[in-house]
Amino acid sequence: MKKVLSAALCAVLLLGLAPAVAPPALMVTGGVGIDAGVSAAYVGDTVTFRTFGFVSFGGTLLTAFRYYRNMELLFERAFPPNNPWVSDSIQPASPGRYIAHLRMSDSGPNEFSVFSAPVQVSLRPAPKNVTVAPVNGTALKITWGAVPGAGGYEVWRSEFRAGPYALVRATTATSWSNTYLTP
C-alpha cells in the first residue's frame, strides 16, 4: 500500500511540474517607454519617437504606433511582427499637441501600451525686418530676415488689410521683386 501511495504521490508531483516544462503562457514581462527627445517642434519638422526598454511576450509580437493631435487619432502605423525596437518619424502638418501611443500585443489577448510625453508643435515665427522698397514705377522689392529652420517662404497679397489674401509667390530666397504692378 505504501508503494502505491508513493507512486501516486510521485505522479501527482511530476504532473505538478509539467507547467514548468511546458511552453510559457502568453504574458507580458519587462517594461518599455517611448520618447521623442523634444518637448517642442515646429510645423514641418521631423519628430522621431523611439522606444526604450524591453517587452517580452510568449508568442508573436505585434507593434504599432498611433498618433494623436489634440487627443484626436490621426493615424496608426503597424510594424513587422517581432520588431520590438522600433522608432518612427512624423512631420506634423499643423500646430497642436502631438502624442504617440505605442501598442504591443501578441497573437492572443495580451496587450501592452504606453504613451509618450506630449510634443507641442507650433507655427514658425514670422520673418522679421520686412521691408518694401520701390524699384521703379511698376515694381516693388520685398526683403525679409531669414527664419532659422524655414525651408521656404510664401508671399501673400491683398488689396485690403483684412483680406482676402492670395498667394503670389513661394520662394527659398529672402527677397522677391513684384513686377508689372499698376501704378
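Me: What makes β7 and strand β9 (residues 119–122) a pair?
Reply: Two strands pair if DSSP finds at least two bridges between them; β7 and β9 have three, in the antiparallel sense. Within this pairing, Gly96 stands opposite Val121 in β9. Strands are DSSP runs of E with at least two residues, numbered from the N terminus. The model is a predicted one, in which local features need pLDDT of at least 70, side-chain atom pairs count only at pLDDT 80 or more, and totals for chains, interfaces and linings use all residues. Residues are numbered from 1 along each chain as its sequence is written, and side-chain values use heavy atoms, with hydrogens and water left out.

Me: Why is Arg124 called partly exposed?
Reply: Buried means under 20% relative accessible area, exposed over 50%, and partly exposed in between (1.4 Å probe, protein chains only). Arg124 has 25% relative accessibility, so this residue counts as partly exposed.

Me: How do you know that Arg124 forms a salt bridge with Asp45?
Reply: A salt bridge requires a side-chain nitrogen of Lys or Arg within 4 Å of a carboxyl oxygen of Asp or Glu. The closest N and O atoms of Arg124 and Asp45 are 2.3 Å apart. Arg124 lies in the loop between β9 and β10 (131–136) and Asp45 in the loop between β2 (40–42) and β3 (47–56), so the pair ties together parts that are 79 residues apart in sequence.

Note on methods:
Helices (H or I, at least four residues) and strands (E, at least two) are DSSP runs, numbered from the N terminus.
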